[in-house]
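Hi,

Here is the model I promised to pass on. Could you have a look when you get a minute?

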There are 2 protein chains.
Amino acid sequence: MRPQKRATVHDIAAAAGVSRGTVSRVLNGGYVSAEARAAIEAAILEVGYVPNNAARTLKMRRSQAVAFVALEPHSLFLDDPNIGSIMLGANAALSLADHQMVSLVVESARDTERVARYLSGGFVDGAIVVSARTRDPIIKVISGLGLPAAFVGHPPDLSDSIPFVGIDNISSASAITSRLVEAGRRRIGMIAAALDRDSGIDRLTGFKTALGTSFDAALVADVPHYDYGSGVKGMRLLLERDPAIDGVFAASDAIAAGALEALREAGRSVPGDVGVVGFDDSTWAVRCQPQLSTVHQPAKELGTVAAQLVLRQLRGEQVEQGGQLLPTPIVWRDSA
Amino acid sequence: MRPQKRATVHDIAAAAGVSRGTVSRVLNGGYVSAEARAAIEAAILEVGYVPNNAARTLKMRRSQAVAFVALEPHSLFLDDPNIGSIMLGANAALSLADHQMVSLVVESARDTERVARYLSGGFVDGAIVVSARTRDPIIKVISGLGLPAAFVGHPPDLSDSIPFVGIDNISSASAITSRLVEAGRRRIGMIAAALDRDSGIDRLTGFKTALGTSFDAALVADVPHYDYGSGVKGMRLLLERDPAIDGVFAASDAIAAGALEALREAGRSVPGDVGVVGFDDSTWAVRCQPQLSTVHQPAKELGTVAAQLVLRQLRGEQVEQGGQLLPTPIVWRDSA
DNA sequence: TACGGATGTGTGAACGTGCACACAGTAGGA
DNA sequence: TCCTACTGTGTGCACGTTCACACATCCGTA
């Protein structure tokens with residue numbers, strides 16, 4: 001369907017009896033007489049004129065839009081409420097700066113290519129990238145393009161020139177594992193997930209660090225995703241490997257919730273027989289029975305800061321190299 | 001930051017020793033000799049040329065992009081996993097047709113205005129609108145613009161000319177309420193939510209319909225959102241109003257989960273003392289204890305169908321008036 | 001030989017915008 | 001009176017692309 005003919009500055013100019021230039025000045029600022037302005041504004045209102053973004057973008061080389069790229073979000077959208085908070089945080093910050101956030105979802109190879117084209121093609125001035133995986137092709141596209149960008153979390157092979165905001169997964173994981181130790185747990189296992197993402201690797205590293213020499217690789221269950229189902233499977237595996245297990249660090253709250261289910265199945269009490277801790281402090285944490293002790297992840301702030309990193313680059317400010325890590329307080333509830 | 005100078009068709013043409021027209025033909029099809037094609041493709045690869053979308057859109061009056069507008073998604077993103085599934089379904093369908101889905105989030109009045117400008121400005125060829133409320137200004141913008149669109153769910157004041165896809169909330173709600181009656185429940189209440197959305201109103205209507213003369217307005221708790229916290233509060237209210245209540249229809253699974261919590265608090269067993277049913281068949285349903293009996297909502301398909309409705313309009317096909325309703329099987333589990 | 005079709009290439013115009021520039025009028029000060 | 005500064009307006013050009021058109025070549029056939 002060809003869109004019907006829409007009004008342009010020419011039409012407005014003709015209707016108001018002035019030239020294109022004057023209309024442009026009303027829209028973008030400049031010297032305009034009161035009568036001319038009134039006539040033009042009336043004409044704009046009458047025909048419902050809206051400037052053509054494509055033309056404006058072409059001329060200005062600025063679209064006032066920033067992409068929010070969610071990579072492989074399948075499990076994220078369905079199980080991890082964090083991405084929603086990150087998105088809303090980013091949107092709020094961009095909105096304040098009068099930029100439009102446009103979210104792009106990358107689920108398939110087909111998506112990757114199309115989104116790369118979209119990012120390259122000048123429809124957006126910058127990009128916020130969430131949950132990139134190691135060697136993700138999108139990373140190459142962005143750095144090759146020199147598109148102002150910010151990552152939420154950092155894949156290990158991220159170029160130094162792209163700023164990121166994240167949390168210190170290693171020390172957060174280490175801290176909550178230590179709390180388990182201090183609480184008197186002796187046989188502590190971990191349900192590790194998403195080991196192809198920085199967050200997954202780092203949480204495992206933190207776990208190892210905290211346990212030191214008492215770390216036992218047999219007590220790590222490696223599951224693909226941060227979701228409930230993975231938690232159930234991971235916990236069953238751990239119980240099988242060592243029935244005497246009395247503490248579990250789950251790589252996410254959703255996993256912890258799944259672990260609780262598997263423990264209930266096996267007739268273990270929480271926190272009596274087994275102490276369970278999670279990660280994220282998502283809505284899962286408070287809806288579990290018992291409520292989860294977990295690491296609070298400042299999801300909304302992550303989005304806000306990432307947006308600001310992009311906005312500052314757009315303003316031409318120099319952004320410091322490397323990343324920014326936000327604090328992650330431990331929230332101690334009932335599950336351990 | 002001014003983006004650095006990017007390669008254009010002119011540069012490619014010069015590098016390959018041909019004219020702009022020939023480059024365009026390589027990109028868009030047409031008669032090109034093998035040598036010319038090879039030279040141009042080599043040049044494109046070498047400088048990493050990517051066509052400028054803004055220019056293409058301006059000339060073609062087509063952006064190959066479709067907006068996915070999520071209205072007031074705060075609670076949706078955080079508590080209701082449906083929106084994620086709808087999004088992924090829509091993205092898959094659009095991706096197949098080589099269209100880019102761009103999600104726009106509307107949370108504030110500021111957002112409304114900016115998104116309206118974005119939709120009007122030619123950056124997208126069409127729009128999918130999710131969870132519009134009555135008299136939402138976005139509706140007026142879209143119908144005023146004649147932008148090809150499809151709604152997921154239909155606000156009562158939606159113009160007839162805009163197609164929608166949804167579920168029959170009335171008969172679904174009625175059906176599951178009837179199941180409660182058939183199961184022998186006598187004092188049945190409802191936790192009704194979001195009565196400013198079509199879905200909220202219709203679910204309440206269905207509930208009333210099923211109960212007929214035995215409907216008691218005192219047994220309806222009216223809460224603002226489809227979320228867990230509202231469920232807890234709503235259930236407490238119902239227990240207070242009638243301690244003898246033995247059945248509850250919750251307007252969403254999240255609400256039902258909250259209701260279970262409030263019932264546990266009050267020392268009632270489910271389904272022994274009180275039967276609880278939800279709506280959505282979201283991830284909440286299976287993670288509750290006991291698992292929820294609920295109405296399955298085909299979220300992914302809603303997204304797919306909405307995308308197809310937009311795509312068909314873009315192809316110039318006539319789309320039938322009115323809406324399309326997808327089936328909603330009842331999933332009977334343990335909570336009632 | 002002359003013609004028509006298929007193949008291949010270059011050129012000009014247009015999409016709708018913003019900005020630089022030119023120009024006109026007015027007012028104030030030297 | 002002339003110069004300058006300020007206000008207000010119109011015109012031409014460029015952004016990078018696609019498309020219609022003109023033109024050129026080659027081949028088979030009437």
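Below is what I found in it, starting with the ground rules.

This is a predicted model, so to speak of local features I need pLDDT of at least 70, and side-chain atom pairs count only at pLDDT 80 or more, while totals for chains, interfaces and linings use all residues. Residues are numbered from 1 along each chain as its sequence is written, and chains are lettered from A and ligands numbered from 1 in the order in which they are written.

**Chain A as a whole**

Chain A has 14 helices and 12 strands; helices (H or I, at least four residues) and strands (E, at least two) are DSSP runs, numbered from the N terminus. Its radius of gyration is 26 Å, well over the 20 Å that the globule rule gives for 336 residues, so chain A is more spread out than a compact globule. That radius is taken over C-alpha atoms, and the rule is 2.2 Å times the number of residues to the power 0.38. Along the principal axes, the C-alpha atoms of chain A fill a box of roughly 85 × 35 × 35 Å.

Of the 336 residues in chain A, 55% are buried. By that I mean 20 or more other C-beta atoms within 10 Å of a residue's own; 12 or fewer is exposed, in between is partly exposed, and C-beta atoms are placed from the backbone. Two residues are in contact if their C-beta atoms, placed from the backbone, lie within 7 Å. Taking contacts in chain A between residues at least 6 apart in sequence, 69% join residues at least 24 apart.

**How the two chains meet**

The contact between the chains takes 54 residues from chain A and 52 residues from chain B. On chain A's side, the elements that give two or more residues are α4 (53-60), α5 (74-79), α6 (82-96), β2 (100-106), α7 (109-120), α13 (283-287) and α14 (299-314). By class, that side has 22 nonpolar, 22 polar and 10 charged residues. Here Ala, Val, Leu, Ile, Met, Phe, Trp, Tyr, Cys and Pro count as nonpolar, Asp, Glu, Lys and Arg as charged, and the others, Gly among them, as polar.

Chain A superposes on chain B by a rotation of 180° with 0.0 Å of shift along its axis (RMSD 0.1 Å). The two copies are thus related as by a two-fold rotation axis.

**The DNA**

DNA strand C is surrounded by 27 residues, the closest being T8(A), N52(A), A55(A), S19(B) and G21(B). A residue is near a strand if its C-beta atom, placed from the backbone, lies within 6 Å of it.

DNA strand D has 27 residues around it, of which S19(A), G21(A), T8(B), V9(B) and A55(B) come nearest. Again, α2 and α4 of chain A and α2 and α4 of chain B each supply at least two residues.

In α1 (residues 9-16) of chain B, the buried residues are V9(B), I12(B) and A16(B). They cover an arc of only 65° around the axis, which puts them on the same side of α1(B). The arc is that of the directions from the helix axis to the C-beta atoms. These buried residues pack against α2 and α3 (34-47) of chain B. After α1(B) comes G17(B), with a positive phi near 70°.

In α8 (residues 137-145) of chain B, I138(B), I139(B), V141(B) and I142(B) are buried. Their arc is 165°, so they line one face of the helix. They pack against β1 (65-71), β2 (100-106), α7 (109-120), β3 (126-130) and β4 (149-152) of chain B. Just after α8(B), G146(B) takes a positive phi of about 70°. G146(B) counts as exposed, with 12 C-beta neighbours inside 10 Å.

Cheers

Notes:
Least-squares fit on C-alpha atoms with pLDDT ≥ 70 in both.
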